[in-house]
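Q: I would like to learn how to read a fold from its coordinates. Can you take me through one example?

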Amino acid sequence: MGTIREGLYDHEGYAARKLGDGTLTGAWTQATARFVAYVGACECGWAADQEHPPTPDGEVAALDDWVDHADHQEAAQMADRRRRLAETLRRLGGIAADVEDPANLPRIVRAADRARALAAELLDAEEARP
Ligand SMILES: [Zn+2]
């Protein structure tokens, strides 16, 4: 029922209902039918600071707040992948002197596989951008 974004796991977003006692809930039951505001929320535990009226427009505005959260999470994920790729490439460069010993080949293969996988994830994410 929530909103998801491909490649951004653990961040399903929804317009939470804020109840009179301040509780946020994603449940749509008779007990939560009377609510005071919509608030953008995410399964990761994030909730927006801003409240929106308990109307259809308010629900859309709350989901827009989640989109900002998802954009931020996605940017952080990309930055983390770039950092890990750079670190893996530095490690690969560091073991260039070890290629004479066949015992090092498994380690080299693992590092090269890791670099390839990280670069492919970055490329996929770039290509998925609108
Ligand atoms: Zn989240």
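Q: How many bridges join β2 to β4, and which way do the two strands run?
A: Strands are DSSP runs of E, at least two residues long, and helices are runs of H or I, at least four, both numbered from the N terminus. Two strands pair if DSSP finds at least two bridges between them. Here six bridges join β2 to β4, and the strands run antiparallel. R17 stands opposite Y38 in β4.

Q: What kind of model is this, and how is it numbered?
A: It is a predicted model: local features need pLDDT of at least 70, side-chain atom pairs count only at pLDDT 80 or more, and totals for chains, interfaces and linings use all residues. Residues are numbered from 1 along each chain as its sequence is written.

Q: Is β4 mostly covered or open?
A: A residue is buried if 20 or more other C-beta atoms lie within 10 Å of its own, exposed if 12 or fewer, and partly exposed in between, with C-beta atoms placed from the backbone. In β4 (residues 37–42), five of the six residues are buried, so the strand is mostly covered.

Q: Which residues make up the largest nonpolar core?
A: In soluble globular proteins, nonpolar side chains tend to be buried together. A nonpolar core is a set of buried Ala, Val, Leu, Ile, Met, Phe, Trp, Tyr and Cys residues joined through C-beta atoms within 7 Å. The largest one here has 11 residues, including Y14, Y38, V39, C42 and W66. β2, β4 and α1 (56–94) each supply at least two of its residues. β4 gives the most, with four.

Q: What does Y38 touch beyond its neighbours in sequence?
A: Two residues are in contact if their C-beta atoms, placed from the backbone, lie within 7 Å. Leaving aside neighbours within four places, Y38 is in contact with A15, R17, H52, P54, G58, E59 and A62.

Q: Where does L8 lie, and what does L8 touch?
A: L8 lies in β2 (residues 8–18). With 16 C-beta neighbours inside 10 Å, L8 counts as partly exposed. L8 touches A70, Q73, E74 and Q77, not counting residues up to four places away. The C-alpha atoms of L8 and E74 are 6.6 Å apart, although 66 residues separate them along the chain.

Q: Is α2 largely buried or in the open?
A: Of its 24 residues, the number buried is one, so α2 lies largely in the open.

Q: In what order do the elements run?
A: From the N terminus on, they run β-β-β-β-α-α. The C-alpha trace spans about 70 × 25 × 20 Å along its principal axes.
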